[in-house]
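Look at the model below and follow how its chains meet.

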Number of protein chains: 2
Amino acid sequence: MADFESRREKMVHIVEDLLKRKQYAQLRGSLLPLEPVDIAQLMDDLSGESIPLVFRLLPKETAAEVFVELNPEHQEQLIRSFSNTELKEVLDELYLDDAVDIVEEMPANVVRRILAHSEPEMRKSINEILKYPEDSAGSLMTTEYIDLKRDMTVEDCFKRIRRNASDVETINVCYVVEKSRKLLGYVTIRDLFLASYEDEIGEIMDTNLLSVTTLEDQETVAQRFSRYDLMAMPVVDTENRLVGIITADDVMDVMQEEATEDIEKMAAILPTDKPYLRTGVLETWKSRFPWLLLLMLSATFSSIIITKFESALSACMILTSYITILSGTGGNSGSQASVAIIRALSLHEIRFSDLPRVIWKECRVAIVCGVALAAANFLKMMLIDRLLFNNPAVTPLVALVVSLTLICTVICAKTIGAILPVLADKVGLDPAVLASPLITTIVDALSLLIYFGFALALIPM
Amino acid sequence: MADFESRREKMVHIVEDLLKRKQYAQLRGSLLPLEPVDIAQLMDDLSGESIPLVFRLLPKETAAEVFVELNPEHQEQLIRSFSNTELKEVLDELYLDDAVDIVEEMPANVVRRILAHSEPEMRKSINEILKYPEDSAGSLMTTEYIDLKRDMTVEDCFKRIRRNASDVETINVCYVVEKSRKLLGYVTIRDLFLASYEDEIGEIMDTNLLSVTTLEDQETVAQRFSRYDLMAMPVVDTENRLVGIITADDVMDVMQEEATEDIEKMAAILPTDKPYLRTGVLETWKSRFPWLLLLMLSATFSSIIITKFESALSACMILTSYITILSGTGGNSGSQASVAIIRALSLHEIRFSDLPRVIWKECRVAIVCGVALAAANFLKMMLIDRLLFNNPAVTPLVALVVSLTLICTVICAKTIGAILPVLADKVGLDPAVLASPLITTIVDALSLLIYFGFALALIPM
């Protein structure tokens, strides 16, 4: 299929045009070949009034799949426009985990209406899952899976799968439980195909189980999925009783979310879990202002240091010109190191005991970087600043001071940038929060101290 | 299962101890309950000589799975230590896509040995996949899948699946092809269970196919998987002939890789695709130095601006102290905006036509942020810098100049930070490469111009 993204804007115009000309049959025909998520995105681009109209053109099953993918405001608008029968029809088609996601986004009165029109079974399950904290394994799971008993034969299992295939989230992995629902093992659909019809499940199941408990963080879940290449994972309570399963498609969304969160923290943004365009101005402000304020106030240290050395600066004004280069290079060097370390930590590539290796590596990288930058800077100051711009104040001594400061700053920046995230992780803080911006502030103050130290020592004032 | 990460260091000690005491049976017993990836990680932590020893303790099938997860140096060491029979045994157990990954990492003489001992079928497939460029859909796919013909009955399919289940990467989705191998549709294993034995595949298959071509970028593949919640995706050539499939587990690795790459680019690091600790000092230097140098040289603009306004600065030295605060706050504001936009672009949340909305939003956020920061700064300068530190040079007029500059800088920074990535994306450049560091350099120069502009206009010198 051609890429939907590239045809999206054209499709919106076509749909709007067909709506205006009331060509509903043709509209239905042009929507049907699309994937549900693409139809939902088209509808999200339409004006509010036409959404229920388009929605009613879709066949029942597609309609439910599209509904799941719509943005929450449009879901709410649709639910309010539904008759009770329509609402029940959509709800009956939903998978449990999708229903829970929708309920989580709706205001209380809509939730009451949804629960009132769900099947009693589903209502019970929704309420159960809603109990788990957001971002926990419990809130991510579905309770629609296939469970087997150990004394069933493979043939029994095939029958059971055939009976339940349309109601469960996946049939690729089935879980074997005791009467008490204690988890014993699992079989994949592939295992079943490779066994004989009369084999007993207890003999062919794999008991080497990877599971998570309901309260575990979704980040842990995502890490295990990618580490162990899983397609599904059972969720158990504290007594190892099976309560649900998590499937790979939900975990992919979590992985995107978690990466976004890490990126936001590294850029000094408090994470929000909404897409960019759906976040209001005030909400965006709230996620950005606290760090900006904190970093601005902590930059006071640098400004105090500069004030202290005011007399040195006024004796040799040209030194002022190089403050921004020094603090910029220091900041960039530090954030290169810290960002590399933070990502390695979050992918479990390094741990606390690697700290000496990390420091040793960053020091060597820093020395090579620092010396190369210093040499480039010395040349630049002599050739461009002094000769090209004809500024006699840029003496070789000044260039030497700036270059020496560069070397020391890069070494400090990379070492601090590497150590701080590892320490933060060790004491249980989020390394990403300590990332580049905070390290930049520390490095700024340090580089100024080094700068004035070299200047006072080497330049006669 | 308890979390392996937390037991890892203890396990390494246990394994080393058992090796020293030659308790091989016990060692084998303590390794067997572990997942292959965990055994591999333990072995990677051991000293080189003991690796072949531990490897030979493992049952054949586990050994192959562990082999896949070892780091490339240890794989190479093992292959060199293998007899031809051993090598053949391991190769026969490998899935095709894993074999390709290994071959890609090995030096030429090892590759020749591997190919010489593979089954002719596998050798042909490995050579085929190796033709595709790195990071393309072709290099990610496997050719081990189940293909069906449209005139087969469901019962035929079950038989075919049963026969091939042990050799293919997945049986969850089967693809229907013509004689020419043109892709017609697919059926999931669930569809097969829900159909009757005598149904024909042509009737029950889904023809609404999402596929990628062999040369498409792996990032596109990952985006489609997560957008359409796929478990597997067919890979076709330019004539829509099925050549392979990609499964979700491989895509999860791609998603982690792509997120790491974005993060690295945002921190002015040239992406490497190796884990942190496996990258050498020189390689790390090469990935970091170019941007550091470029950014340092481009900071020359700021230093030229400061030099130009030297006389203003020496007339009012206190202005110097606030340069780092202004450039720091500008840089942070800019990177908040650019990082948010870059992430939204890479998740396809915004596109070029959203630019006016993006600018309008960032302007409003910037005004609220800027005014709040300016107010906080004015208070801080009056109360802390002037009263607490008793510095009479910090006059209300100086505080006003710094505060006004802050407002303008934040607005410039956020607007530029929002516009540049969208423009870069539009003209086909990678927005992440243009991210925070480069924007910071531009914002630095601008904020200095604004600063000296306000200073010259408002402060009598």
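This is a predicted model. Begin where the two chains touch: 129 residues of chain B are in contact with 127 residues of chain A. Between chain B and chain A, about 11,700 Å² of area is buried. Carbon and sulfur atoms give 62% of that buried area.

Charged side chains also pair up across the interface. Between chain B and chain A there are eight salt bridges. One of them joins B:Asp38 to A:Arg227, with the closest N and O atoms 2.6 Å apart. On the side of chain B that touches chain A, the residues divide into 71 nonpolar, 29 polar and 29 charged. Polar contacts between the two chains involve 45 residue pairs, counting those with both residues at pLDDT 80 or more.

Rolling a probe the size of a water molecule over the atoms shows where empty space is left. In this model the count comes to six cavities of 30 Å³ or more. The largest cavity holds about 720 Å³ of space.

Which residues lie nearest the centre of the largest cavity? They are A:Gly331, A:Asn332, A:Thr440, B:Asn332 and B:Thr440, out of 42 residues that line the cavity. Both chains take part: helix 16 (248-266), helix 17 (281-298), helix 20 (323-346) and helix 23 (436-458) of chain A, and the helices with these numbers in chain B, each give two or more residues to the lining. Helix 20 of chain A supplies the largest share, nine residues. By class, the lining has 19 nonpolar, 21 polar and two charged residues.

How values were computed
Residues numbered from 1 in each chain as written. Chains lettered and ligands numbered in written order. Predicted model: local features only at pLDDT ≥ 70, side-chain atom pairs only at ≥ 80, totals over all residues. Heavy atoms only, no water. Contact = heavy atoms within 4.5 Å. Buried area = accessible area lost by both parts, 1.4 Å probe. Salt bridge = Lys/Arg side-chain N within 4 Å of Asp/Glu carboxyl O. Polar contact = N/O pair within 3.5 Å; in protein donor to acceptor, adjacent residues only side chain to side chain. Nonpolar A, V, L, I, M, F, W, Y, C, P; charged D, E, K, R; others polar. 1 Å grid on protein atoms, 1.4 Å probe; cavity = no way out; pocket = protein on both sides within 12 Å on 5 of 7 lines; lining within 4 Å. Points joined across faces, edges and corners; volume = space filled by probe spheres on them. Helix = DSSP H or I, 4+ residues; strand = E, 2+ residues; numbered from the N terminus.
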